[in-house]
Amino acid sequence: MPQLVAAPSGSRPPTFLWFTAIAWSLFIGLLAISGAPTSQAQDQGAEPAAEAANEANEAAQDPDVVGDPDQREALKPGRLLRLRLPITGNADAAFRSIVERTKNSLLAESKGDDRPVLVIEFVPLAEGEGFGQGTDFARALSLARYLTSDNMAGVKTVAYVPQTIKGHGVLVALACEELAMAPTAEIGEAGIDEDPARPIEPAVLEGYRQIARARRTAPEAIAIGLVDPALEVLEVETEASIEYVERGDLEALEQNQTVVRTSPLFPAGTMGIFTAREGREYGAVKYVVENLDELAGWLRINPDSLAEDSGLVADWRPIFYTIEGPITAKTVDRATGLLDPEIGSGRANWIGIRLDSTGGNPAFGQDLAAYIASIGDADTRTVAYVPERAGGMAALTALAADQLIMNRNATLGGPNDVAFDEGTLLSLRESIKLSLAPESPHTWSLLVATVDPELEVFRYTNRQTGAERLFSEEEAAAQPNAGDWRQGEAITVPGEVLELTSDKAAALGLATHVVDNVEEIKQIYGFKDSPHEVTSNWTLEVADALSSPGITVLLLVIAFAGIYFELHTPGLGIGGFVAALAMLLFFWSKALHGTVAWLEVLLFVGGVVAILVEIFVLPGVGIFGLGGSLMVMASLVLAGQRNWIPRSAEDFAELQSSLAVVATAGGLMVGVALILRRYLPHIPILKEMMLAGPEGEELAALSYRESLAEYSHLVGQRGVTTTLLMPSGRADFDGELVDVIAAGQVIERGATVEVVSARGSRVEVREVQG
């Protein structure tokens, strides 16, 4: 602003000076009005951080960049990609393919000489302290080398750091041509995930040196100082410039230049970290900006282009699956049965879950949410779509997905249609905290708030990084550096579960998009065709019918009848085939519903084998028969329930239902056995094939002969046992096979025995040694 000074003698009259002052005041006032922000937040924008950002940018922009961002002429093509930290698994390869597709799209749009701009926003996930720690160095180096390769020469890469980042994700930021930071953000402590008890590996240091030399976003000494706490980095003022060198390189610098001043920048024993303003002074930070719109102005690109283009994020193969009505066991079984084949075969990597439900069974609702959270990874994205309402457990499922899309006027949350008792709510809360929240993109407080009306959740802002999170007071207090989190507005109403409109969910960052119809989702993700609707197939319909209690009982009775028929018609095989088919259908239907695993099948097969051993190999022992029968019954009971050991009310209800089915089938089996015994031998077609027992005079004669059985002639004779005597069994006396009883002891098979008494058909023996 021009300053008024006293007029020298001979100058114009004072009145003219007053008019001049008034004119200047009006001119400056008009400038202020024309440039005044319209929003309340911008009216308060003369904060020190914003002023410092503008001053820093204007003071050091290149000549072709300086000026009012809103008045620049040619706008270059630009895109925004968000890199979520930490980088683990194969996330680097996935992001590299995203960058490649985005680059090709930008080059296709570029028409002038200016290179298009690719802005990479670094987004730390809510893990640890929320600074993105945990990035694998090999993954970071792979991605950094790709960004500095000749393949990326056609576009200008700009790293945007809106909040503090630490760990090896810093290396990727240094691999971009330019670095933009928010005034409150910091970057550094890149070696925070390395073992503090050991020196930084030479390969890690060499990787940082390579990227610093290739890109020169930051001086090499500063790049190394960010990762190696053992290194001391100095700021050296020479007659010509300010230099940043390692302590070991100071002597060489002094030999070539006159050193005026030396001061430690990163002292030995600490990893370097710098703010946006400090990075500006070091020459590492090009732009200090408050938001993406401001950055777009300085980069001369359209602010609308800095919205993540979901269509470029992956080569999507989308499907839609609809969940309607109450969430039950069938809902979970149907979802897993239909979605797993699509994902496992590679036919789909974008899973849209259309939710229109007011909740349901808490246990099955939690299982469904856990399943949705588990299928989302670096290669597969899950997107929950709420056209009207997702309440109670359905809201928990929606928040378990990677992204949430809502129709306008749709509602997220609200009362569950099944009430929770205190014990169920406590169990559900702990399970969400320990199991679901670590797999979800949201805090446990937000997830629990969908089912617990007593939990209050607030919007918290980190004073140091500017990061925003939705915490309860309990979770906020448990955060590292809890004092940095400032509590804001409440997003829940005391005494009520979480309930949000689509606009509120979008304002809180929960809903990534608010749409009017499904067609807009196609545009957002760049789908060429409408996503394939996954619906039930005949296999699941048949499995549903077979697993119903009535059909389950019928299958078990048919299996028993087939076994009975096979035992009475040896060599025919029809009964055995029917029994095997019935049991196969039984276990198959239960397996598709998630209640049968290998344990149940092995118990059943093992039990059948034990029973056969009792009948054909070791008759009269009893242990194999009893144990096999118990194994078969246990397998049938376990096949009807999800958990082997019931813990919740739902588990006990399943156990009760499974026991009722097996007991009903057992009772009907007894009735069927009596009917078959009475009428099967008289069926004209079958009676010739059956092993029917003697009847009438033949039966009376056989009974008379058996009543005259006399084994007194065997007293004193010796024979060999053909079965284990425990105490009854059989022994061979010179080719005559006789039922015998051991005298107060267990005798092994193959032992020599002597008959000590014989009374009618009762023959008692003892073992003879030697």
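Author: Let me begin with the words helix and strand, since places in the chain are given by them: helices, of at least four residues, and strands, of at least two, are DSSP runs numbered from the N terminus. With those words, His-168 is placed in the loop between strand 4 (165–166) and helix 6. Please keep in mind that this is a predicted model.

Reader: How many helices and strands are there in the protein?

Author: The protein has 27 helices and 28 strands. Of its 770 residues, 45% count as buried, and the protein exposes about 38500 Å², of which carbon and sulfur atoms supply 56%.

Reader: Why is His-168 called buried?

Author: A residue is called buried when its relative accessible area is under 20%, and His-168, with a relative accessible area of 1%, is therefore buried. Leaving aside neighbours within four places in sequence, His-168 is in contact with a number of residues, among them Thr-135, Phe-137, Ala-140, Glu-194 and Tyr-208.

Reader: Which residues of helix 5 are buried, and what covers them?

Author: In helix 5 (residues 137–147), the buried residues are Phe-137, Ala-140, Leu-141, Leu-143, Ala-144, Tyr-146 and Leu-147. Their cover includes strand 1, helix 4, strand 2 (117–124), helix 6 (169–174) and helix 7 (202–215).

Reader: What makes Asp-136 a cap of helix 5?

Author: A side-chain oxygen of Asp-136 lies 3.2 Å from the backbone nitrogen of Ala-138, at the N-terminal end of helix 5.

Reader: Which residue caps the N-terminal end of helix 14?

Author: That residue is Asn-361, which has a side-chain oxygen 2.9 Å from the backbone nitrogen of Ala-363.

Reader: How do you know that the span of helix 14 agrees with its number of residues?

Author: Helix 14 (residues 362–375) has 14 residues, which at 1.5 Å a residue should span 20 Å, and its end C-alpha atoms are 20 Å apart, so the two values agree.

Reader: Why is helix 14 described as largely enclosed by the rest of the structure?

Author: Ten of the 14 residues of helix 14 are buried, and therefore the helix is largely enclosed. Among those buried residues are Pro-362, Phe-364, Gln-366, Tyr-371 and Ile-375.

Reader: Which residues make the nonpolar surface patch?

Author: The nonpolar surface patch, of about 640 Å², is made by Leu-554, Ile-558, Ile-574, Phe-577, Val-578, Leu-581 and Leu-584. The elements that give two or more residues to this patch are helix 22 (549–568) and helix 23 (574–592), and helix 23 gives the most, with five residues.

Reader: How far apart are Asp-544 and Asp-333 in sequence and in space?

Author: Asp-544 and Asp-333 are 211 residues apart in sequence and 9.8 Å apart in space, taken from C-alpha to C-alpha. Asp-544 lies in helix 21 (residues 538–546) and, not counting residues up to four places away in sequence, touches Lys-330, Arg-334 and His-593. With a relative accessible area of 16%, which is under the 20% cut-off, Asp-544 is therefore buried.

Conventions: Residues numbered from 1 in each chain as written. Predicted model: local features only at pLDDT ≥ 70, side-chain atom pairs only at ≥ 80, totals over all residues. Heavy atoms only, no water. Patch = residues over 30% accessible without salt bridge, like charges linked within 9 Å, V, L, I, M, F, W, Y side chains within 5 Å. Areas by Shrake-Rupley, 256 points an atom, 1.4 Å probe, with all protein chains shown as cover. Salt bridge = Lys/Arg side-chain N within 4 Å of Asp/Glu carboxyl O. Expected span 1.5 Å × (residues − 1). Buried < 20%, exposed > 50% of the residue type's maximum accessible area, 1.4 Å probe, protein only. Polar contact = N/O pair within 3.5 Å; in protein donor to acceptor, adjacent residues only side chain to side chain. Contact = heavy atoms within 4.5 Å.
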